[in-house]
Amino acid sequence: MKKFGNAGFYLLLVGIAIALPQLLNLTSSGKYQIHILTLGMIWAIAALSLNLILGYTGQASLAHGAFLGIGAYTFGILLARVGVNFWLAIPLACLFTAFLGMLVGLPSMRTRGPYFAIVTLCFNFIVFKVFENWKWLSGGIQGQTVPIPSYLGQRSVRYYLVLAFLILVILTERQIVKSLLGSSFIAIRSNERLAEAVGISTYRYKLLSFTVSCFLVGLAGALLAMENGQLDYTVTNYFYSFYILIYLLIGGVATLSGPVVGAVGIFFLLDRIKSIGEFRNLIFGLVLIVVIIYFPRGIVGGARQFWDWAKRQYAGRRGGVLE
Amino acid sequence: MTLLRVDGLTKRFGGLVAVNKVDFEISSGSITAIIGPNGAGKTTLFNLISGSSTPDEGKVILGGEDITGWSPNKVAREGIARTFQTTALFEELPAWVNLVIGYRMRTRSGLWGALLHTPRAVREKKETAQRVTEILGFTGLAEYADQPAGSLPQEAQKRLAIGVALVGRPKLVLLDEPTGGVGLAETDEIIELIDKIRDSGVTVCVIEHKMKMITNLADRIVVFNFGVKIAEGNPQEVCQDHAVIEAYLGECLA
């Protein structure tokens with residue numbers, strides 16, 4: 001019964017997500033909101049990818065900004081310079097990003113805890129500098145145009161495409177974390193030494209998780225390139241590693257809805273208060289501190305806590321009356 | 001029949017020789033106890049056998065295979081499970097999930113299994129569920145199955161840690177002070193459990209301080225002091241050994 005209730009709830013959400021562009025299309029400012037929501041969903045995919053390696057496997061990657069950029073550039077270069085078909089370019093961009101992720105993971109997964117975060121942050125910095133200086137690769141200040149098929153010219157079409165990918169990514173991640181493979185990942189997050197002692201090759205599974213995570217962030221990069229139609233080297237900036245991390249932390253780490261709520265919600269809100277300029281980062285920082293201290297599992301974790309608490313209160317009162 | 005043989009095992013930490021040229025054997029289906037004062041090198045010996053630290057000299061041989069220097073996860077899959085002195089569990093996860101993880105070494109489904117629901121993944125999930133139920137019954141933890149491991153009473157945590165070690169069907173379990181920090185009444189329950197483990201055909205090697213418990217439980221006792229094996233034999237022999245009495249100030253005669 002409860003299962004059906006949940007499914008109904010998710011179907012309702014998907015229904016709203018499908019209907020939203022139709023409503024927004026009615027007003028002129030609404031069309032811009034479609035673009036913002038699309039970008040929010042792309043960041044949600046990026047946050048979900050980080051969730052796999054950080055939330056479920058416990059390894060804090062600060063290189064996801066770099067891999068996002070690599071995915072975006074692979075996609076853009078394949079389309080513009082190689083002339084690959086759009087639908088082929090997406091999986092190729094993901095695979096190439098995953099491959100690079102694996103290469104980075106091979107040495108860096110030997111390190112533990114904060115050292116992994118430092119190594120990946122250094123990697124991101126290197127990638128950023130490379131893209132900044134290798135103008136033949138990044139296109140310098142002019143950047144790289146991303147020619148997309150004409151049927152993707154409409155905002156709402158791209159919105160639906162990104163929505164479909166987002167749902168696919170959520171389902172994929174759900175399959176992974178509920179599987180036996182997922183139990184290996186979660187074991188590493190929970191107690192790496194014990195995981196090793198019960199026969200789990202922690203190195204192998206961390207590497208696998210990181211590779212899959214990079215595959216997914218590569219997808220986010222490709223979609224970002226598609227939505228913007230234009231790329232420059234700043235897309236590899238390590239700022240984005242932190243942005244993705246913050247979306248994930250505020251939304252709710254190690255939950256499936258958290259990254260989506262965090263990324264779409266915060267991206268949307270940040271855009272609304274764009275007029276106050278860089279001050280918004282200040283507000284952002286304060287929110288982050290409050291969330292981390294009081295809601296270690298983010299907005300979604302906090303909401304669940306509240307829901308459980310409310311249920312207990314209600315159940316308690318009802319029990320009292322009956323007795 | 002010898003299950004595990006340790007041959008001239010040595011481990012140095014700087015100038016300190018924590019384990020010094022140790023030889024002993026564990027025969028199949030027995031309970032071997034390793035005793036000795038604090039700092040005698042017992043836990044280091046376990047670390048060397050289970051692969052979490054590499055010996056400087058010597059060999060560890062399991063059922064004829066040289067497993068010296070193997071990584072812990074490989075040693076575990078080969079059939080040596082262990083528990084830790086400070087009870088190690090996947091604390092925020094429910095007790096049954098702890099056991100699922102413990103059984104992962106016997107299942108092979110990976111990414112494709114997870115994504116495509118391959119027949120093998122489905123079969124292995126069923127097999128895991130069966131084995132987990134079995135172990136929950138064996139360790140008497142069925143009532144705690146859904147509770148986070150870290151929230152269980154101390155003694156139940158100890159039993160769960162033993163369950164996590166057993167669930168992957170090891171040949172040998174190394175128990176590092178399974179009754180440490182547990183009350184007297186509960187100690188008896190854990191002793192019963194260790195007896196049951198041996199009866200189920202799994203060889204046990206246990207580090208303990210409680211001499212009374214050991215003399216009743218163990219088939220064979222190995223005594224350490226300052227990293228050196230000072231005595232070995234059945235409980236009677238060991239309790240009468242002069243060197244042992246000296247190391248323990250006669251505790252086991254009391």
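A word on the source. This is a predicted model, where local features need pLDDT of at least 70, side-chain atom pairs count only at pLDDT 80 or more, and totals for chains, interfaces and linings use all residues. Residues are numbered from 1 along each chain as its sequence is written, while chains are lettered from A and ligands numbered from 1 in the order in which they are written.

Start with chain A. Helices here are DSSP runs of H or I with at least four residues, strands are E runs of at least two, and both are numbered from the N terminus. Take α7(A) and α10(A). Their axes come within 11 Å and cross at roughly 175 degrees. Axes are lines fitted to C-alpha atoms, for helices over the stretch in contact, and angles run from 0 to 180 degrees between N-to-C directions. So α7(A) is roughly antiparallel to α10(A). For the wording: under 35 degrees is roughly parallel, over 145 roughly antiparallel, 65 to 115 roughly perpendicular, and the rest oblique.

Who makes the contact? From α7(A), A:R158, A:V162, A:F165 and A:V169; from α10(A), A:L216, A:L219, A:L223, A:M226 and A:E227. Contact means C-beta atoms, placed from the backbone, within 7 Å. By class, that is seven nonpolar, no polar and two charged. Ala, Val, Leu, Ile, Met, Phe, Trp, Tyr, Cys and Pro count as nonpolar, Asp, Glu, Lys and Arg as charged, and the others, Gly among them, as polar.

Next, α11 (residues 238-251) and α13 (residues 279-294) of chain A. They pack at about 45 degrees, axes 9 Å apart. They are therefore oblique to each other. A:I246, A:L249 and A:I250 of α11(A) meet A:V287, A:L288, A:V291 and A:I292 of α13(A). This contact has seven nonpolar residues, no polar and no charged.

Now the two chains together. The contact takes 24 residues from chain A and 30 from chain B. Which helix gives the largest share of chain A's side? α8(A), with eight residues. That side has 11 nonpolar, 11 polar and two charged residues.

Last, chain B. An open sheet of six strands runs β6-β7-β8-β3-β9-β10, with mixed pairing. Strands pair if DSSP finds at least two bridges between them. The edges are β6 (80-82) and β10 (228-233) of chain B. Inside, β3 and β9 of chain B pair in the parallel sense over four bridges. There, B:T32 has B:R220 as its bridge partner.

Notes: Two residues are in contact if their C-beta atoms, placed from the backbone, lie within 7 Å.
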